[in-house]
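Here's a quick walk through one chain, written to be read with the model open beside you. Have a look at the fold before reading on.

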Amino acid sequence: MELHDASTTPAQHTAVLPPDAVTPDLRVQQLSVPPGTHVLLLAGEVDGDTAPALADALDAALGGSPAPDTLVVDCSGLRFSACAGLNEFLRARHAAAAAGIRFALAALTPQVARLLDLTDTFTAFEILPEGPLATIPIQKPPAAAPKPPSRPIPSQTTAPTDTGMGAQAAALSAQAERQTSTAQWDLSAAGTALAHATAIQLGETIRPADVQQELPGIERLERLREALAILTIGTAHTHGQLAWFLSSATVTLTPVLRWRALTADERQSFGTVVPTSEEFTDAENAVRHLRTALSHITAQEELTPSTLPQPATRNP
């Protein structure tokens, strides 16, 4: 169903997506300005619950008949995007490229810009600094918007892949930090101590990038599996928001379970693969993002040393 907006010119119209493609937390409207260019206006939040509505809207915009020449996603009304939203943007970008359709993000809010900054995916997208009416015609787009300043994060020798573990962990961490900054978390003293101890253990397990890269592959894999075990054990000893974060972090690192460090023939590999050096680095960056998030979550809490679980120690 199309609703004509009297504030637009006759060449512009707004199409409201079917009700099942819109949730109370996310509203998506589609503009055709001018013909051949589709603009999706996003308002609200994209998380695990609302990402399917975003996916439906992106697929509908890309799969229209006739197909658009350009699809612009206007993020000016997007208060928050989690990892799920970033993955949908990346998926749509790939689909658009395969179909020969130009794809761009426009009018990034500070949180969305920070998410792209944290995940090092700014260069994966064409970024337009203003909304749809300001970007018409967009045959000659402005230069990409500059990256906003961000808090220091552990150095990364290799940038995460588009939907790799590093990018997903960074997005998950951004979501958790956003929730804690708006007082949506209610950590008990025990939960705070557990988060603090988990951050210490992850830091001791995955060392700085230059140290990790000097290790043989079998030890890098061992340390990644140990980090996965730390997160899993932490999940078993807490509940609520911290359990959600630790379990989501565990899911992010599960591809590590399909890796092996030694070569094997097909009959003996059981479906496992030998990771590349870049994949090792990506997974290790994911652990660093998670450790940093846990440290920030507990940074304002007063911790009594006697209440802290004792982290496991490793030999240097």
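## The chain overall

Keep in mind that this is a predicted model. The chain runs to 316 residues, and 47% of them count as buried.

## Strands 5 and 6

Strand 5 covers residues 70–81, and it pairs with strand 6 in the parallel sense, over five bridges. If you want a place to start on screen, find Thr70, which sits opposite Arg102 of strand 6.

Strand 6 itself, residues 102–106, is mostly covered, with four of its five residues buried.

Next comes the loop that links strand 6 to helix 3 (110–119), where you'll find Ala107. Most residues other than glycine have a negative phi. Ala107 isn't a glycine, yet its phi is positive, at about 55°.

Is Ala107 buried or exposed? It counts as buried, because its relative accessibility is 13% and the cut-off for buried is under 20%.

## Helix 7 and its partners

Two packed helices are described by the angle between their axes and the distance between the axes. Start with helix 5 (residues 189–205) and helix 7: their axes come within 9 Å and cross at roughly 175°. Anything over 145 counts as roughly antiparallel, so that's what helix 5 is to helix 7. On the helix 5 side the contact uses Leu194, Thr198, Gln201, Leu202, Glu204 and Thr205, and these meet Arg223, Glu226, Ala227, Ile230, Leu231 and Gly234 of helix 7. Sort that contact by class and you get five nonpolar, four polar and three charged residues.

Now turn to helix 7 (residues 217–236) and helix 8 (residues 240–253), whose axes come within 8 Å and cross at roughly 150°. That angle makes helix 7 roughly antiparallel to helix 8, and the crossing is left-handed. Helix 7 brings Leu228, Leu231, Thr232, Gly234 and Thr235 to the contact, while helix 8 supplies Ala243, Leu246, Ser247, Ala249, Thr250 and Leu253. Which classes turn up in the contact of helix 7 with helix 8? There are six nonpolar residues, five polar and no charged.

Definitions and conventions. Residues are numbered from 1 along each chain as its sequence is written. This is a predicted model: local features need pLDDT of at least 70, side-chain atom pairs count only at pLDDT 80 or more; totals for chains, interfaces and linings use all residues. Side-chain values use heavy atoms; hydrogens and water are left out. Axes are lines fitted to C-alpha atoms, for helices over the stretch in contact, and angles run from 0 to 180 degrees between N-to-C directions. Helices (H or I, at least four residues) and strands (E, at least two) are DSSP runs, numbered from the N terminus. Angles under 35 degrees count as roughly parallel, over 145 as roughly antiparallel, 65 to 115 as roughly perpendicular and the rest as oblique. A crossing is left-handed if the near helix is turned anticlockwise from the far one by less than a right angle, and right-handed if clockwise. Contact means heavy atoms within 4.5 Å. Ala, Val, Leu, Ile, Met, Phe, Trp, Tyr, Cys and Pro count as nonpolar, Asp, Glu, Lys and Arg as charged, and the others, Gly among them, as polar. Buried means under 20% relative accessible area, exposed over 50%, partly exposed in between (1.4 Å probe, protein chains only). Two strands pair if DSSP finds at least two bridges between them.
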